[in-house]
Amino acid sequence: GQNQLADPNADPLMGWNDSVGATAYFAPSGGLEISGTDLRMTANQRTTAIEFVVDGGGAAITAGSKGVIQVPFACTITAARLLADQSGSIVLDIWKGTYANYPPTDAASITGDAPPTLASGVKSENTGLTGWTTSIAAGDILGFNVDSASGVTRVTVVLTVVVS
């Protein structure tokens with residue numbers, strides 16, 4: 001017969017068990033799930049982080065473009081965090097572009113009206129991402145631009161993402 005799910009609601013897989021010489025049903029576990037016709041890792045197993053460090057080299061961070069990174073996998077951003085070396089303030093914009101359109105510019109901001117912002121503190125977190133463009137395609141380039149800063153000399157930007 002054909003390989004098919006015995007009970008689609010329970011997500012088992014049908015396969016051949018050589019040790020007993022018969023078909024057997026296997027239920028995905030340990031971080032695996034069935035999505036449509038695909039067997040894949042669950043979202044918690046596909047969660048990782050994209051990190052970028054803005055370093056003033058011991059001096060206060062100044063406004064302006066601080067660099068770019070290329071993301072080698074497709075993913076969706078689920079949270080943005082700023083972690084500073086000392087109490088201070090910073091507003092950091094993130095720009096996204098393709099390799100063909102390198103370098104990314106302010107017109108390609110993904111943060112909408114809610115850029116990562118640290119206000120007189122050492123950490124900040126945004127898990128709502130209202131107004132953000134959260135989708136990243138494999139090969140997209142992210143640019144990091146400091147809109148304003150005071151009092152901080154080193155800040156790590158942490159984007160939590162779920163790999164597609």
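## Contacts between side chains

Asp-140 and Lys-96 are both buried (buried means under 20% relative accessible area, exposed over 50%, partly exposed in between, with a 1.4 Å probe and protein chains only). Before we start: this is a predicted model, where local features need pLDDT of at least 70, side-chain atom pairs count only at pLDDT 80 or more, and totals for chains, interfaces and linings use all residues. Residues are numbered from 1 along each chain as its sequence is written, and side-chain values use heavy atoms, with hydrogens and water left out.

**Exercise 1.** Find out what joins the side chains of Asp-140 and Lys-96.

*Step 1.* Recall the cut-off: a salt bridge is a side-chain nitrogen of Lys or Arg within 4 Å of a carboxyl oxygen of Asp or Glu.
*Step 2.* Check the distance. Asp-140 and Lys-96 are 3.9 Å apart, N to O, and form a salt bridge.
*Step 3.* Asp-140 sits in the loop between strand S9 (135-136) and strand S10 (141-150), while Lys-96 belongs to strand S7, 44 residues apart. (Strands, E, at least two residues, and helices, H or I, at least four, are DSSP runs numbered from the N terminus.)

**Exercise 2.** Why does the pair Phe-52 and Phe-144 count as stacked?

*Step 1.* Know the cut-offs: rings of Phe, Tyr and Trp (its six-membered ring) pair if their centres lie within 6.5 Å; planes under 30 degrees apart are stacked, over 60 edge-to-face, and the rest tilted.
*Step 2.* The whole structure has one aromatic pair. The ring centres of Phe-52 and Phe-144 are 4.2 Å apart and their planes are at 5°, so the pair is stacked.
*Step 3.* Phe-52 lies in strand S5 and Phe-144 in strand S10, so parts 92 residues apart in sequence are tied together.
*Step 4.* Phe-52 is buried at 10% relative accessible area, and Phe-144 is buried at 2%.
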